[in-house]
Amino acid sequence: MHVLFIHDAFPAQFGRLALELTKRHGWRCSFLVETLSSCPTPTAEMLEAVELHQIPPAADGPARDETPWPQVHGRFLEQSASVFDALRARPALRPDLVVAHGGRGAPSVFLRDVVDCPIVTYCEYYFATRRRDISYRVDLPPAEPAPFFPRCINAPTLLGLVDCDAGYSPTAWQKQSFPERFHSKIEVHFDGVDAELYAPGAKIKAIDDISIPPATKVVTFVSRGLESVRGFDVFMKVADRIARRRSDVLFVVVGGDETHYGWDKLHTGSPSFKQWVLDGGSYDLSRFLFLGRIAPERLAEILRRTDLHIYLSTPFVTSWSLFNAMSSGAVVLASDVEPVRELIEPGVNGLVGPLFDVDRLTETALRVLDDPATHAPLGRAARRTIEEKYSVDVCIPPLRDFFSRMSDRSRISP
């Protein structure tokens, strides 16, 4: 079985999946990519297991994340042509199945004329026009692109979904984000958490040469970017209130200064949302460690040490940080939004609270820190949730079967 994955970056969503398919089942996995990602960074094992074919960017101009939103569809078509040219120039690269990220960065819509196999689309998300994802933060001033951006960004996603033979989403909530008329075309298959890396274990005694006494409580917050859609500003308000009530808490924040979703700069006018938040409060920053982006192995060590992991997102694609924290056996306090509820059963394997209710979130956090023994079963149950439903061991076999079914299927003309 030969699967060709298409994405603008490697490893992204497909690197670990390809590694497992290669190791466990002897499949051949190839990639067409533009760049090697720094978040996450590909491992040496991944690079050895897959065939990596780097192709030049579609055309001179802004990078994907810098493309003005009205020009997204044009860039998507340029990328489609670039992928077509790259595959046509490699006649020996003849897969049994193409798996592409549906939307910007992984266009497969021109491939019908160069491959004779089914095409599967990874249906990560379909943006809403209001009251979800990047338009959920009604407490921040509205941004002018709000009504138009989702339609522009969804156009390539729809084009790929219409063209493909089948699609899959990681969670039921992400599938439900797509228009109902496409639901029959999309299956739900989660990517799989590395439950061996993110696992309970020995607790580190220092971070960046800063000693952490056993009596010190550690509260963690992790996000690819410290931005409004992931509730970084709400976290800082909660952390500030916790710090004023307890002198024994260290707050460890992981994530870059970039905004990946939404219009934080239009809201704030600041170079970064993080700096705008910090400038707007009287925080005792000696109580915080801002680590930036870090390697998965280091993140796993920190999540093992945490006494409370706080995850405060709008209704949006569930972050890997939540899955990783739960896999590490952490007690999690998360925003009470629908995608979180798919993963967390409040009071059973985690805790939830309203995203905008800083007082309630603070009181819940303090109860955990005041009485860790009572709340420890939540972390153990969170670990079981990952082991039973979301680990690589559980998720790879159904994905393998799905890909096998699709490769055996005759090509369906859209």
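In helix H9, the residues Leu299, Ala300, Ile302, Leu303, Arg304 and Arg305 are buried. Buried stands for under 20% relative accessible area, exposed for over 50%, and partly exposed for values in between, with a 1.4 Å probe and protein chains only. Helices (H or I, at least four residues) and strands (E, at least two) are DSSP runs, numbered from the N terminus. The model is predicted: local features need pLDDT of at least 70, side-chain atom pairs count only at pLDDT 80 or more, and totals for chains, interfaces and linings use all residues. Residues are numbered from 1 along each chain as its sequence is written, and side-chain values use heavy atoms, with hydrogens and water left out.

The buried residues of H9 pack against strand E10 (206–207), E12, E13, E15 and H10. Contact here means heavy atoms within 4.5 Å. Three of these strands, E12, E13 and E15, belong to an open sheet of 6 strands in the order E14-E13-E12-E15-E16-E17. The pairing in this sheet is parallel. Two strands count as paired if DSSP finds at least two bridges between them. Strand E14 (288–290) and strand E17 (351–353) stand at the edges. Each has a single partner strand, so one side of each lacks a neighbour in the sheet. Neighbouring strands are turned by 20° against each other on average, direction ignored. Axes are lines fitted to C-alpha atoms, for helices over the stretch in contact, and angles run from 0 to 180 degrees between N-to-C directions.

Strand E13 (residues 249–256) joins E14 through 3 bridges, and the two run parallel. Val252 stands opposite Leu289 in E14. H9 packs on this sheet and touches strand E12 (217–225), E13 and strand E15 (308–311). The direction of H9 makes about 145° with that of E12. Helix H10 (residues 320–327) also packs on the sheet, touching E12, E15 and strand E16 (332–335). The direction of H10 makes about 160° with that of E15.

E13 is mostly covered, with 8 of its 8 residues buried. In a regular strand the side chains alternate between the two faces of the sheet. Both faces of E13 are covered. Val249, Phe251, Val253 and Gly255 are buried on one side, and Leu250, Val252, Val254 and Gly256 on the other. E12 and E13 run parallel and are joined by 7 bridges. Gly225 stands opposite Gly256 in E13.

Another open sheet has 7 strands in the order E5-E3-E1-E6-E7-E8-E9, with parallel pairing. Its edge strands are strand E5 (51–54) and strand E9 (186–188), and each pairs on one side only. The twist averages 25° from one strand to the next. Strand E1 (residues 2–6) and strand E3 (residues 28–33) run parallel and share 5 bridges. Val3 stands opposite Cys29 in E3. E1 also pairs with E6 in the parallel sense, over 4 bridges. Here Leu4 stands opposite Val98 in E6. Ile6 lies in strand E1 and is buried, with a relative accessible area of 1%. Ile6 and Thr121 are 115 residues apart in sequence and 9.7 Å apart in space, C-alpha to C-alpha.

In E6, 5 of the 5 residues are buried, so this strand is largely enclosed by the rest of the structure. Leu97, Val99 and His101 are buried on one face, and Val98 and Ala100 on the other. E6 and E7 run parallel and are joined by 4 bridges. His101 stands opposite Tyr122 in E7. Helix H14 (residues 392–408) lies across E1, strand E6 (97–101), strand E7 (119–122), strand E8 (166–169) and E9. H14 runs at about 170° to E8.

A cavity is a set of points where a 1.4 Å probe fits but cannot get out; a pocket is an open set with protein on both sides within 12 Å along at least five of seven lines; lining residues have an atom within 4 Å of a point. Grid points are joined across faces, edges and corners, and a volume is the space filled by probe spheres set on the points. The whole structure holds 3 cavities of 30 Å³ or more. The second largest cavity has about 40 Å³ of space. Its lining consists of Thr171, Thr318, Phe323, Pro339, Glu342, Leu343 and Tyr390.

The second largest pocket has about 320 Å³ of space. It is lined by 17 residues, of which Lys203, Thr306, Gly329, Ala330 and Val331 lie nearest its centre. Helix H9 (296–305) and helix H13 (372–390) are the elements that give two or more residues to this lining. H13 gives the most, with 5 residues.

Key: 1 Å grid on protein atoms, 1.4 Å probe; cavity = no way out; pocket = protein on both sides within 12 Å on 5 of 7 lines; lining within 4 Å.
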